[in-house]
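Hi,

Could you take a look at this one when you get a chance?

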Amino acid sequence: METPDPFDIWLPLARAHKSILATVETALKQAGLPGLDWYDMLWELERAGNEGLRPYELQQKLLLPQYGVSRLADRLAKAGYLIRQECSGDGRGQILLLTAAGAETRAQMWTVYSEAMQQAVTPHFSPGEARRLAELLAKFLRPPPC
């Protein structure tokens, strides 16, 4: 059996990803809402609950460089969507917490985001194809067989 060229897999996957994200970004923009980078940070803060997250934890979850997390956090704080608290025991550290306004905005964004995802993905696959594609893509999240 011939080994497939990884670019025969990667390029359509990357292009599909880019196309779907562009659809979602456009829908958010048309609804007068912030972009996906804001959504991702708001979502992670919401998931963290009352514990909040330290910036380095967000950096790991969002796969952004430190300066990217800092700039995004600054914009979200300015918009009133997050607050910073001093981290007890660490005079320089801080914990980022979601505000009620941030949670409300994230929920509004999800309504648009999820609808855009439905429109961008669902028409292309039967239920069986969608399940099979999800199974195949999940292989990327597991270590390769020996």
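Leu-45 touches Leu-53, Leu-58, Leu-82, Leu-96 and Leu-98, if you leave aside its neighbours within four places in sequence. Contact here means heavy atoms within 4.5 Å. Before you go further: this is a predicted model, so local features need pLDDT of at least 70, side-chain atom pairs count only at pLDDT 80 or more, and totals for chains, interfaces and linings use all residues. Residues are numbered from 1 along each chain as its sequence is written, and side-chain values use heavy atoms, with hydrogens and water left out.

Back to Leu-45. It is among the residues with the most contacts inside the largest nonpolar core, along with Met-41, Leu-58, Leu-76, Leu-82 and Met-109. That core has 24 residues. A nonpolar core is a set of buried Ala, Val, Leu, Ile, Met, Phe, Trp, Tyr and Cys residues joined through side-chain atoms within 4.5 Å; buried means under 20% relative accessible area, exposed over 50%, and partly exposed in between (1.4 Å probe, protein chains only). H1, H2, H3, H4 and H5 each give two or more residues to this core, and H2 has the largest share, with 7. Those labels are DSSP runs numbered from the N terminus: helices (H or I) have at least four residues, strands (E) at least two. As background, nonpolar side chains in soluble globular proteins tend to be buried together.

Next, the rings. There are 4 aromatic pairs in the structure. Rings of Phe, Tyr and Trp (its six-membered ring) pair if their centres lie within 6.5 Å; planes under 30 degrees apart are stacked, over 60 edge-to-face, and the rest tilted. Trp-38 and Tyr-81 make an edge-to-face pair, with 5.9 Å from centre to centre and 80 degrees between the planes. Trp-38 sits in helix H2 (residues 36–48) and Tyr-81 in the loop between helix H4 (66–78) and strand S1 (82–87), so this pair links distant parts of the chain, 43 residues apart. Both residues are buried. Elsewhere, ring pairs join Tyr-39, Trp-110 and Tyr-113 into a cluster.

Tyr-81 also turns up in the contacts of Thr-105, together with Pro-34 and Leu-42, again leaving aside neighbours within four places in sequence. Thr-105 is in helix H5 and is buried, with a relative accessible area of 7%.

Now the pockets. A pocket is an open set of points on a 1 Å grid over the protein atoms alone, where a 1.4 Å probe fits, with protein on both sides within 12 Å along at least five of seven lines; lining residues have an atom within 4 Å of a point. The largest pocket holds about 940 Å³ of space. Of its 26 lining residues, Leu-13, His-17, Ile-20, Leu-21 and Met-117 lie nearest the centre. H1 gives the most to this lining, with 9 residues. The lining of the largest pocket splits into 19 nonpolar, 3 polar and 4 charged residues. (Ala, Val, Leu, Ile, Met, Phe, Trp, Tyr, Cys and Pro count as nonpolar, Asp, Glu, Lys and Arg as charged, and the others, Gly among them, as polar.)

The second largest pocket has about 230 Å³ of space. H6 gives the largest share of its lining, 3 residues. By class, that lining has 8 nonpolar, no polar and 2 charged residues.

Cheers

Conventions:
Points joined across faces, edges and corners; volume = space filled by probe spheres on them.
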